[in-house]
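Here is a short briefing to read with the model open beside you.

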Amino acid sequence: MLAMLTMTMVAKAQFEAGKMYVNASLSGLSLSHNGKEECKFDVGAMGGYFVEDCWMVNVQAGMHHPGKGGHATIMGGVGGRFYVIENGLFFGANAKLVLSKGHNDIMPGIEAGYCFFLNDKLTVEPSVYYDQSVRRHKDYSTVGLKISLGVYF
């Protein structure tokens, strides 16, 4: 019980105004699905800043490879997260610009996840996400699972 209390107090300190955050994420490997692609591989990075306790704004960048026969895609965007409880449950919203040889799109998205603290700064953050395609919903809107490594400082 004492260990759980200590972890909660450590997590609370990481979501305070003025703290910064960086992460690297991995999704795909058949962990997401949309109408056009059966398997894909995504890598991404995000940097954020806590403007208020539990409220983070962030910028994102990433690369998507759809597997054989597809075109690689790059993406950039902005978003925000709200940490619902001080031990790591979060909800996020974002908007991304997606650029590819065969497809350019604006994709607003939502995300829900949890921060598992490995120590006072390093986290493993599984999350589920939904990205809505503005251009062609049926083919490019995506539901998936993402695993991130985050650093709070």
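With which side chain does the side chain of D42 make a polar contact? The partner is the side chain of H64, at 2.5 Å (a polar contact is a pair of N or O atoms within 3.5 Å; within protein, one must be able to donate a hydrogen and the other to accept it, and residues adjacent in sequence count only if both atoms are side-chain atoms).

This is a predicted model, where local features need pLDDT of at least 70, side-chain atom pairs count only at pLDDT 80 or more, and totals for chains, interfaces and linings use all residues. Residues are numbered from 1 along each chain as its sequence is written, and side-chain values use heavy atoms, leaving out hydrogens and water.

**Confidence**
- The protein averages a pLDDT of 84 (the predictor's confidence in each residue, from 0 to 100), and 81% of the residues score at least 70.

**Around D42**
- D42 is found in strand β2 (residues 41-52); strands (E, at least two residues) are DSSP runs, numbered from the N terminus.
- D42 is buried, with a relative accessible area of 13% (buried means under 20% relative accessible area, with a 1.4 Å probe and protein chains only).

**Aromatic rings**
- The structure holds 12 aromatic pairs (rings of Phe, Tyr and Trp, its six-membered ring, with centres within 6.5 Å; planes under 30 degrees apart count as stacked, over 60 as edge-to-face and the rest as tilted).
- F15 and Y83 are stacked, at 4.2 Å centre to centre and 20° between the planes.
- That pair links parts of the chain 68 residues apart, and both F15 and Y83 are buried.

Terms used:
Helix = DSSP H or I, 4+ residues; strand = E, 2+ residues; numbered from the N terminus. Buried < 20%, exposed > 50% of the residue type's maximum accessible area, 1.4 Å probe, protein only.
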